[in-house]
Structures are given as C-alpha cells and as structure tokens.
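Here's a quick briefing to read alongside the model. Have the viewer open and follow the residue numbers as you go.

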Amino acid sequence: MISSFSNRIPEGRVLSIDALRGFDMFWIIGLGSLFTRIFTWMDTPLSQALNRQLEHSTWNGFTFEDLIFPLFLFIVGLTIPFSLTKRLARGESRRTLYGHILKRFLLLFFLGLIYNGLLNFNFPEMRWAGVLQRISLCYLAAALIVMNGGVKTQAVWACALLLLYWAAMIFIPVPGYSAGVLTPEGNLAAWFDRLFLPGRFCCYTFGDNEGLLSTIPAVSTALIGVLAGHWLRSSNSQKTKVLRLLGAGVASLVAALFWNILFPINKLLWTSSYVLFAAGWSILLLALFYWLIDMKGYVKWAFPLVVVGLNPITIYVAQGLFDFGIIARIFIHGFVNYLDAFKPMFTAFCVLGVKWLFLWFLYKRRIFLKV
C-alpha cells in the first residue's frame, strides 16, 4: 500500500503541501484528543505542561492549539499559486477562473452553515460565523487579490491589512470604552460582532472567535501562504528555497514578538502579531516538510498524512455531522471496559483510526471533495 503510494506521486507535485495539510488535520480529527488522554493518564509536571499546549489560550498568549487553524489558512493560500496562477499562465480565461473562485467560496460557506446547524432552522440561536465561513472568505479575498495583482501587490495587501486592523483596534474608540481597549468586552472587534453579527457567538461571551472584523487580518494569513507558494514555485534550488523559508519564518516570529508589545498575540481577536507569530511557525513547518519530503525524498512516512490531507474538508464536515465513535464502539464495546485507566486512550485511538480508514477508503477510490 505504502510502496505503491510512492510510485503514484504525479510529477511536479509538491507532496509536502498535502502532508503538511494532513498533519494539521490530524490534530483536528482526533490526535489532540488522543494526546490529551495520554498526558492526563501520565499526570506528571511535564505532561501537564504539554496538555496545556493542547488547549486554546484563554485570551492573550499562544499555544500549539492556537496554531492549528492559521496553519490551515496558510496552506489554503499556499495552494493558490499552484492552481490559479498556473492556470492563468496556461491561458485559461479569467471568466472561467472567476467562476471557479465564486463556486468554491459559495460551497465552502454553505458547508459551514450546514456544519453550524442550518438545517435545524433555529436561526436566532444559530452561529453564523465559523471555521469554514472564514476559510471561504479568506480564500475569496486572497484569490481575487492574486487574480488582479502581482507578487509585490499581494505582499502590500498582506501588510496593509495587518496595519489597518491594528490601527482600527488601537485608535477607534468603542462606545463606553476608550480607544485601544483590548479586553474581552471592550475591544472593537467584539463590539462590531455584537452590532452586526446575528445569532450566538463562539468562543467567548462578547464576540465571535471567527467574527466579522477579525476576518480582515485572517486574509493576511492566507496571503502569507500565497507568498510562500510563489516561492516554492520559483526556479530557485530546493536548498535555497528551504534556507529562505527558514529565514522568513524566523523573521516573522521576531517581528511578531516586537509587535506583541503594542498589540498582544491573541487568537480570539486574530491580532496582527498573532498572524505573524502563527505564520512564522507555519513557514518553519513548511520548510521542514519540504526539506524532508521534496528535497530529501523521504516520502513513505508521509502516506498517512497525505491520505488525510487530500480530503480535509470531507472529514471536517463528516465528523461534525456523524459520530465516528459509533463505528468504533461496535468493535471494542465487548472488552474496552476491561482496560481500566487505558480505556479513554484506547477509545480515542480507535475513533481516530476509524476516521483515517474512512479517508483511506476514499483515497483508494480516488474520491476527493474538491472545494
């Protein structure tokens, strides 16, 4: 199975992108839950510290869990030069590509509403913002910028959006609060959500984690991915690509830490410093995966990741609508209670395994949800 995988890689495909996407999705579909149970069982100072990395920051700060979503948005942007830019260079009509962009945006947005309970028809209590909605909006904005400007223009947009959001959050006062208040209840993004976003919020009381105003800097997250994608498509040597990715990743981290002094790293607000900090780690991970897989040729280990990375939206929506634990319990219910303290870990491992086998089934039959 794995040996045939290495022989089926299309020529010119950057497999590290699929593997990195799969790595990211693995944490979303259950790897984080599995490690949480393992660290809880170990119950040592080190495991407790590691467990805290698998929880989102309550407000300011950054944990490993805070990297998962921006890494995916980064990869969304990363693929755009390999799709839209290449198709433009191939001579495809701009009208066709605009139609493709619009179709993808609408489908992702609609899937996000379905995921959030659109079919329950309880619209006042429904959450209208969400992960897929933000992905769709960021993809739409980044794709339109790519369609209408070169690399320098895309870089200017990425920087301008971060600066614009910072200026708005710092200098525009919220009614009842002074300008520059970045508390949960007093910040501009939360006030904007309370004013214009209907339904319920996630994941804090006063605004939405994927709210309206905070989508502006999230577009920059995707655009930074676009710029990395252009770099991977360049004619430079693989070694040069890796070294410059490493340099860009470190520079982004340093810039984020300096900006953090004035505009704290905060996932819930998706602050500009958070964008740069998450982008720095995303670029470093891309450099690592590209070096291992595409440069050094270590391919076979990435097979489980690629299986997940080729169908990320499928499994994200499927696990939100269907309990894969039902299938796992069919096979383990007779003996799992005898495992005592190991039961939570084994159950989490089996549920993750069922999800992966579902994706492997789709992979073997070449069924991919292309959105």
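Predicted model: local features only at pLDDT ≥ 70, side-chain atom pairs only at ≥ 80, totals over all residues.

**Salt bridges around Arg127**

Arg127 and Glu210 pair up through their side chains in a salt bridge, at 2.5 Å from N to O. Numbering starts from 1 along each chain as its sequence is written, and side-chain values use heavy atoms, with hydrogens and water left out.

- A salt bridge here is a side-chain nitrogen of Lys or Arg within 4 Å of a carboxyl oxygen of Asp or Glu.
- Helices (H or I, at least four residues) and strands (E, at least two) are DSSP runs, numbered from the N terminus.
- Buried means under 20% relative accessible area, exposed over 50%, and partly exposed in between, using a 1.4 Å probe and protein chains only.
- Arg127 is buried at a relative accessible area of 9%, and Glu210 is buried too, at 6%.
- Arg127 also makes a salt bridge with Asp208, at 2.7 Å from N to O.
- Asp208 belongs to strand β2 (residues 207–208) while Arg127 is in the loop between α5 (94–115) and α6 (131–147), so this pair ties together parts that are 81 residues apart in sequence.

**Other salt bridges**

- The count comes to six salt bridges.
- One of them joins Arg90 to Glu92, with the closest N and O atoms 2.6 Å apart.
- Arg90 is exposed, with 54% relative accessible area, whereas Glu92 is partly exposed at 24%.

**The second largest pocket**

- A pocket is an open set of points on a 1 Å grid over the protein atoms alone, where a 1.4 Å probe fits, with protein on both sides within 12 Å along at least five of seven lines; lining residues have an atom within 4 Å of a point.
- The second largest pocket has a volume of about 530 Å³, taken as the space filled by probe spheres set on the points, with grid points joined across faces, edges and corners.
- Its lining has 26 residues, and those nearest the centre are His56, Phe69, Val131, Glu210 and Tyr316.
- At least two lining residues come from each of α2 (15–42), α4 (68–89), α6 and α13 (312–321).
- By type, the lining splits into 16 nonpolar, six polar and four charged residues, where Ala, Val, Leu, Ile, Met, Phe, Trp, Tyr, Cys and Pro count as nonpolar, Asp, Glu, Lys and Arg as charged, and the others, Gly among them, as polar.

**Helix α11**

- Helix α11 (residues 272–295) has 24 residues and should span 34 Å at 1.5 Å a residue, and its end C-alpha atoms are 32 Å apart, which agrees.
- That expected span is 1.5 Å times one less than the number of residues.
- Of the 24 residues in α11, 20 are buried.

**Two more spots to check**

- Asn116 is in the loop between α5 and α6 and counts as buried at 16% relative accessibility.
- The Asn116 side chain reaches the backbone oxygen of Ala129 at 2.7 Å.
- Val250 lies in helix α10 (residues 238–260) and is partly exposed at 45% relative accessibility.
- Val250 and Trp281 are 8.2 Å apart in space, C-alpha to C-alpha, and 31 residues apart in sequence.

Methods. Polar contact = N/O pair within 3.5 Å; in protein donor to acceptor, adjacent residues only side chain to side chain.
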